[in-house]
Amino acid sequence: MTWRLLAWCGIAVAALVPIIGGIWLFTLPAASAFRVPPPIATQEHDAMLAALKPPKRARPLIAILGINDMTETTDYLMPYGILKRADVADVVTLATGPGPVALFPVLKVEPDATIAAFDAAHPDGADYVIVPAMSRDDDPTVMQWIRQQAEKGAVIVAVCAGAKVLASTGQLDGRRATTHWFYLKKWRNKHPEIRYVADRRIVVDHGVATTTGISASMPMSLTLIEAIAGRAKAEAVAREIGLPGWDARHDSNAFKFTRPFALTAIQNTLAFWNREQLGLALAPGVDEVSLALVADSWSRTYRSHAVTFAATGDAVTTRNGLRVYPQVVASAWSADGLLPAVGTAPPAQALDRALAGIETRYGRGTADFVAMQLEYPRADAVQ
């Protein structure tokens, strides 16, 4: 009798799961329609630039912070590559401890220094500290170091979900800020003192800057270049990376958890038997921003994971001097799982090509799903 009752209970639970799941899906918005936001007023843009002027040095010192065990790939590499390309500041990548930084969802890099070595070399601190998303929002070493840098007068720039890390330090309390759409609700509930600003992908308030999702690192980096070296220099770099505009305009309502987004996540997760490991050749001189965007995009499909490979396990030096380790030692990769070489393709172009390749391989829904994660306003996307 007991076993029969347990069996019937199990059947009932199994039947309820898809019913409850279906009801939950039905409650989600059907889709997000993208619209072109109105331009940012000149006065607002100029005020942002004034707030981001170098606080200490004529040639600023920019420190990009990471923890060794999991820092977000594009948050860490995109500001580095764009700011190094501009050559208007001294840019260093840091880690909380010795050894390489494991990036998620893909790549592993050798930072320039530890935060201890940086502090010894620069006791007066950085001009700007860039805080990426990390696997932990409350790492004690990270929080203490950010607070110390703020006390020394550095402008703290949290990109994407790096705003969760910055919020944990208390630096955002009472300030205007934003973050990646996926974390927004919990972030605001956990830190009610933050004054959230919608429809802006960059928000600056009293020595602290925050951005929306991952792709906002590009306009944030260009905005910093403009604040440091002027409009003409920023325009030149923007042309090189393939980004025609970089102001703070943003359609926040277009990025949210929708029914198509959830269905794609479920469908691609359930297709576990058809998951692929795709090879991305790691060659000297590769553009690190393009590499990050391509590897990151293909690793967010829930159908594939990109891995870098090279003939040896030695670190490969990128276009702007970063040392990246291959994840697999191999001289070649099977043709059906080989991603197109990144080379020196402009970052914006590399991202669009990656999304087009994802669409060809897995369908439009998956490409839009990845773009939504990147908070990238893909043309006529529906999620």
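## Basis

Residues are numbered from 1 along each chain as its sequence is written, and side-chain values use heavy atoms, with hydrogens and water left out. In this predicted model, local features need pLDDT of at least 70 and side-chain atom pairs count only at pLDDT 80 or more, while totals for chains, interfaces and linings use all residues.

## Domains and their interface

The domain assignment gives domain 1 (42-241) and domain 2 (259-374); such bounds come from an automatic or database assignment. Taken over C-alpha atoms, the centres of domain 1 and domain 2 are 24 Å apart.

Contact (heavy atoms within 4.5 Å) involves 26 residues of domain 1 and 29 residues of domain 2. The area buried between the two domains is about 2,300 Å², with carbon and sulfur atoms giving 66% of it. Buried area here is the accessible area (1.4 Å probe) that two parts lose on being put together, summed over both. Between domain 1 and domain 2 there are 2 salt bridges.

## Helix 3 against helix 8

Helix 3 (residues 73-86) packs on helix 8 (residues 217-229) at an angle of about 35 degrees, and their axes are 9 Å apart. Helices (H or I, at least four residues) and strands (E, at least two) are DSSP runs numbered from the N terminus. Axes are lines fitted to C-alpha atoms, for helices over the stretch in contact, and angles run from 0 to 180 degrees between N-to-C directions.

On the helix 3 side, the contact is made by Thr74, Asp75, Met78, Pro79, Ile82, Leu83 and Ala86; helix 8 supplies Ser217, Met218, Ser221, Leu224 and Ile225.

## Salt bridges

A salt bridge is a side-chain nitrogen of Lys or Arg within 4 Å of a carboxyl oxygen of Asp or Glu; by this rule the count comes to 18. One of them joins the side chains of Arg300 and Glu72, at 2.6 Å from N to O.

Asp90 forms a salt bridge with Arg59, with the closest N and O atoms 3.0 Å apart. Asp90 lies in strand 3 (residues 90-95) and Arg59 in the loop between helix 2 (42-51) and strand 1 (61-64), so this pair ties together parts that are 31 residues apart in sequence.

## Backbone features

Most residues other than glycine have a negative phi, and most peptide bonds are trans. Asp87, in the loop between helix 3 and strand 3, has a positive phi, near 55 degrees. A cis peptide bond joins Phe104 and Pro105, with omega about 10 degrees. Pro105 is in the loop between strand 4 (101-104) and strand 5 (108-110).
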